[in-house]
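The following note is intended for a first reading of the model. Please keep the structure in view while working through the numbered points.

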Amino acid sequence: DDEQKRRHFRQLQSNPNLVFTHDGMITIPWLPDCWIRPNMRKSARREEPDLWAAAAETLGLHRLLSMPAGLFLEGGDVMPLCYGGHRALLVGFGPRTSEESLHHLRANLVRDELVDEIVGVHLAPWRLNIDGCLFPVSADLFVTNRDSVLGGVVLDRHGTRSIDPYAHFARHGFDFIEVSRDESFLQQVCNFCCLGPRRLVAYGMNERVNRIL
């Protein structure tokens, strides 16, 4: 209705976090007509998914699931990843996303065979999201700051098992470009926008990593 439109417009005007559209509306490439409604941990960002829900409705997208109250999930912690024949969601948990949210994703997505597995990555408490520290830039390469990663788990139809994320992905043929904590924080060298196979948008200040890429 008109009042809802006015409220959404006021939110667009007043919330600079809305430039990060992926945080409040999670999409999956192999399910192009669907989306997941997250739940933001920070109170200042709680209303963002409402706005993207209105956008998704306008676009005719189907909501796969919504995160229930008390379970937190941010889009910056969710990266779809296909590897080794698996359709996976790489999900960071800790500061912004609840570990319990991994089990909710498994119960609703793996059970219905929409996703083959959830790969959870435990983030250090000083880290915000996984897209700032462990980013798959191609089918065989990550850019990463190892200090940000404390461990990991895989959740699939067989259950849950602990992993070392680096050993896990190395076994599947991935290499890693290593960056420092300062590079990951001050220069955002782990944060990209992937446009397709081996096509990226990167920050210009990522000079060292961009040369390697």
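1. In this predicted model, β9 and strand β10 (residues 159–163) are paired in the antiparallel sense over five bridges. The two strands are linked by a hairpin, which passes from β9 to β10 through two residues. Across this pairing, V154 stands opposite R161 in β10.

2. Strand β9 is also paired with strand β6 (residues 117–123): seven bridges join them, and they run antiparallel. One of the pairs is formed by L123 and its bridge partner in β9, V149.

3. V154 belongs to β9, which spans residues 149–156. V154 is buried, with a relative accessible area of 0%. Apart from its neighbours within four places in sequence, V154 is in contact with E117, I118, V119, G159, T160, R161, I163 and H168. D33, by contrast, lies 121 residues from V154 in sequence and 26 Å from it in space, C-alpha to C-alpha.

4. How many disulfides does the structure hold? The number is zero. The cysteine sulfur closest to that of C193 is in C194, and the distance of 6.9 Å is too far for a bond. A disulfide would require the two sulfur atoms to be within 2.5 Å.

5. The accessibility of these two cysteines may also be noted. C193 is partly exposed, with a relative accessible area of 40%. C194 is likewise partly exposed, at 39%.

Definitions and conventions
Residues are numbered from 1 along each chain as its sequence is written. This is a predicted model: local features need pLDDT of at least 70, side-chain atom pairs count only at pLDDT 80 or more; totals for chains, interfaces and linings use all residues. Side-chain values use heavy atoms; hydrogens and water are left out. Buried means under 20% relative accessible area, exposed over 50%, partly exposed in between (1.4 Å probe, protein chains only). Helices (H or I, at least four residues) and strands (E, at least two) are DSSP runs, numbered from the N terminus. Contact means heavy atoms within 4.5 Å. Two strands pair if DSSP finds at least two bridges between them.
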